[in-house]
Amino acid sequence: MLGSYCILRLDKQVPEEVCMLQFFYAYVQRISVQNLVDSWPSLLTLLKDSVQLCLPPPGQFLILGVLNEFIMKNPNLENKKDQRDLQDITHKIVEAVGTIAGSSLEQTTWLRRNLEVKASPQILVEGNNLERDVEGITLTPVMETSSITPSVYSVHALTLLAEVLAHLLDMVFHSEEKEKVIPLLVNIMYYVVPYLRNHSAHNAPSYRACVQLVSSLSGYQYTRRAWKKEAFDLFMDLNFFHMDASCVSYWRAIIDHLMTHDKTTFRDLMARVAVAQSSSLNLFASREAELEQRAMLLKRLAFAIFSSEVDQYQKYLPDIQERLVESLRLPHVPTLHAQVFLFFRVLLLRMSPRHLTSLWPTMITELVQVFLLIEQELTADEDISRTAGPSVSGLETTYTGGNGVSTSYNNQRWLGLYLSACKFLDLALNLPSENLPQFQIKI
């Protein structure tokens, strides 16, 4: 697993300490468990000395690799003092690697501690494959490892933490000591969150590594306090869905753990949707902004259900149906209605057919209404006069009804609604017949 940080060539003038650690890491991988346990005092001294040496990043990665190898082979130390020493050195090594992980960040202003991602290239680490040599990370044809800035290794540090941190801490800190993990994880999240707020293309490698890290941590309930607020804020961010497809599975795990590890978070999200759909309007927000907010919340609620197990939120279905019907009552809001059709698709995948019987009349009615609009757009109705004036987008066609109100049914938002309705129909047609028993012909 640590092979990417271990194969070094002497002609690159790698520091001697890093070369020795590379050799020692390979030795630890092959040594017997009993010999490794017997050598714990010497190993502890080596780890402490290595932390104090301020090694270049590859050396610190190797130190974490040695520690992880020891924990995997010998998860329990009988002596309480040895266990405390192990926890202390683990804390220091993880913090050191965490500092490297944050080396591609910079402060926004000197008055505030907010961090943002530097506008510089990042080294790509392909998925979980860490078979990338340190010698392959070169900025110039020949460069001393000690002279490379730590930020070059930030993605590697994040990827390494994503692979080993959650399990490592769970093994080192026993059940009655889990609270000691929280301050360390809070410090790690301080470096992780700025990467997750940045959805730019150049930050994609760091974003992928960070979401994998949070996903692995979220699987352990005792870590919740360290990431819950930040994960929920990121979930509510307007740019949340601007991510590579490879990150979706990690976010599904995070959101599932976020919603299921306590009994209030999903209800809080439902309450937000209810408040957004209440009659009390924000005096300082336009109607368009309010409707966009409703659509945004519906989409996130749909993603939360999509991240769950089948029928996990079945007891909330009456409330969910009420929210969807309330959204459909608003006329001429294609963005909001498109999210309702997305929600319908999620419900088909995450609810048993018997629970959706009462919702099918609504789904069919709305689907028919949308296809009538498409027909109206494609064929000129006798009761509607077509005006051929160009629109802002250059794509719209306007229809003026008998009440004098003009509505354009083929701008981008309406086209988005048509696509969403077609996706819903496509899913319904492709589901197995047992998933739609209401539409089966009985012979």
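## Helix packing and buried positions in a predicted model

Val18 is buried, because its relative accessible area is 0% and under 20% counts as buried. This residue belongs to helix 1, which covers residues 16–30. Val18 and Pro58 are separated by 40 residues in sequence, yet their C-alpha atoms are 7.0 Å apart in space.

The model is predicted. Its mean pLDDT is 83, and 79% of the residues reach 70 or more.

The protein contains 16 helices and five strands. Of its 443 residues, 47% count as buried. Among contacts between residues at least 6 apart in sequence, 74% join residues at least 24 apart.

Ser50 sits in helix 3 (residues 40–52). Is Ser50 buried or exposed? Its relative accessibility is 7%, so Ser50 counts as buried. Leaving aside residues up to four places away in sequence, Ser50 touches Leu21, Leu55 and Ile63. Gln293 is in helix 12 (residues 287–306). At 37% relative accessibility, Gln293 counts as partly exposed, because that value lies between the 20% and 50% limits. The C-alpha atoms of Gln293 and Leu238 are 9.3 Å apart, and 55 residues separate the two in sequence.

Next come two pairs of helices. Two packed helices are described by the angle between their axes and the distance between the axes.

| Helix pair | Axes come within | Crossing angle |
|---|---|---|
| Helix 5 (residues 80–101) and helix 6 (residues 154–172) | 9 Å | roughly 160 degrees |
| Helix 14 (residues 334–350) and helix 16 (residues 412–430) | 8 Å | roughly 15 degrees |

Angles under 35 degrees count as roughly parallel, so helix 14 is roughly parallel to helix 16. Helix 14 passes helix 16 in a left-handed crossing. On the helix 14 side, the residues that meet helix 16 are Pro334, Thr335, His337, Ala338, Phe341, Leu342, Phe344, Arg345, Leu348 and Leu349. Their partners in helix 16 include Arg413, Trp414, Leu417, Lys423 and Phe424. By type, the residues of this contact between helix 14 and helix 16 divide into 13 nonpolar, four polar and three charged.

For helix 5 and helix 6 the axes cross at roughly 160 degrees. An angle over 145 degrees counts as roughly antiparallel, and therefore helix 5 and helix 6 are roughly antiparallel to each other. The crossing of helix 5 and helix 6 is left-handed. Helix 5 contributes Gln83, Leu86, Gln87, Thr90, Val94, Val97, Gly98, Ile100 and Ala101 to the contact. From helix 6 the contact residues include Ser154, Ala157, Leu158 and Leu161. The residues of the contact of helix 5 with helix 6 divide into twelve nonpolar, five polar and no charged.

Definitions and conventions:
Residues numbered from 1 in each chain as written. Predicted model: local features only at pLDDT ≥ 70, side-chain atom pairs only at ≥ 80, totals over all residues. Heavy atoms only, no water. Axes fitted to C-alpha atoms, helices over the stretch in contact; angles between N-to-C directions. Helix = DSSP H or I, 4+ residues; strand = E, 2+ residues; numbered from the N terminus. Parallel < 35°, antiparallel > 145°, perpendicular 65-115°, else oblique. Left-handed = near helix turned anticlockwise from the far one by under 90°. Contact = heavy atoms within 4.5 Å. Nonpolar A, V, L, I, M, F, W, Y, C, P; charged D, E, K, R; others polar. Buried < 20%, exposed > 50% of the residue type's maximum accessible area, 1.4 Å probe, protein only. pLDDT = per-residue confidence, 0-100.
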